[in-house]
Amino acid sequence: MTKPHIQVNPQYCTGCRTCELVCSARHLGNAVNPKLSRIRIESEKRENRNFPKVCIQCEESYCMQACPVKPEKAIRIDPELGIPVIDEDLCIGCRACVKSCPYGLVFFDEKNKKALKCDLCGGKPQCVEDCWMRALSYFEGDGDSGESS
């Protein structure tokens with residue numbers, strides 16, 4: 001079974017960072033702070049290439065396995081999407097999940113001392129909807145490709 005995830009097509013990414021802006025606005029109640037986005041653009045200046053970096057919702061869920069919060073983990077499976085999500089109220093800021101992600105796709109909010117990870121905006125990723133170059137698409141999983149329009 002394939003989990004829903006955001007598919008990245010870096011060849012289309014211009015590095016405009018709209019995805020970072022809309023992600024932060026969505027999660028911060030319309031405040032904008034790219035450092036608090038759950039998607040990040042990594043730019044390679046010499047090659048003039050940009051790489052959107054966002055959680056791939058891996059089957060292993062290393063971040064969730066590493067969470068030491070007991071009895072209820074601060075990272076648990078969303079019952080509707082089947083992906084790991086972070087409960088910021090339970091997160092103790094230990095960074096175990098950040099360190100455990102082999103892909104470097106769990107981020108950390110230094111000010112609030114909380115881990116940040118893509119939650120797919122509850123199944124309607126804002127970054128995908130607002131990516132005008134279509135460098136991002138939403139894959140619903142189980143063989144049903146649901147590229148956003």
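A: We begin with a term: two residues are in contact when heavy atoms lie within 4.5 Å. Please keep in mind that this is a predicted model.

Q: What covers the buried residues of helix 1?
A: Buried means a relative accessible area under 20%. In helix 1, which spans residues 18-28, the buried residues are Cys 19, Glu 20, Val 22, Cys 23, Ser 24 and Ala 25. Their cover includes strand 2 (39-44), helix 4 (126-130) and strand 8 (136-139). Just after helix 1, Gly 29 takes a positive phi of about 70 degrees.

Q: Which residues touch the most other members of the largest nonpolar core?
A: A nonpolar core is a set of buried residues of nonpolar types, Cys included, joined through side-chain atoms within 4.5 Å. The largest one here has 18 residues, and those touching the most other members are Ile 6, Ile 39, Leu 120, Cys 127 and Leu 136. Helix 1, strand 2, helix 4 and strand 8 each give two or more residues to this core. Apart from it lies another core of twelve residues, including Ala 74, Cys 91, Val 106 and Ala 115.

Q: Which residues does Leu 120 touch, not counting residues up to four places away in sequence?
A: With those excluded, Leu 120 touches Pro 4, His 5, Ile 6, Gln 57, Leu 81, Ile 83, Pro 125 and Tyr 138.

Q: Which residues does the cis peptide bond join?
A: Most peptide bonds are trans. Here a cis bond joins Lys 70 and Pro 71, with omega about 0 degrees. Pro 71 lies in the loop between helix 2 (62-66) and strand 4 (75-77).

Q: How many aromatic pairs does a search of the whole structure find?
A: A pair of aromatic rings is described by the distance of the centres and the angle of the planes. The search finds zero such pairs in the whole structure. An aromatic ring may also have a charge over it: Arg 40 lies over the face of Phe 107, at 4.1 Å from the ring centre.

Methods. Residues are numbered from 1 along each chain as its sequence is written. This is a predicted model: local features need pLDDT of at least 70, side-chain atom pairs count only at pLDDT 80 or more; totals for chains, interfaces and linings use all residues. Side-chain values use heavy atoms; hydrogens and water are left out. Helices (H or I, at least four residues) and strands (E, at least two) are DSSP runs, numbered from the N terminus. Buried means under 20% relative accessible area, exposed over 50%, partly exposed in between (1.4 Å probe, protein chains only). Rings of Phe, Tyr and Trp (its six-membered ring) pair if their centres lie within 6.5 Å; planes under 30 degrees apart count as stacked, over 60 as edge-to-face and the rest as tilted. A charge sits over a ring if NZ of Lys or CZ of Arg is within 6 Å of the ring centre and within 35 degrees of the ring normal.
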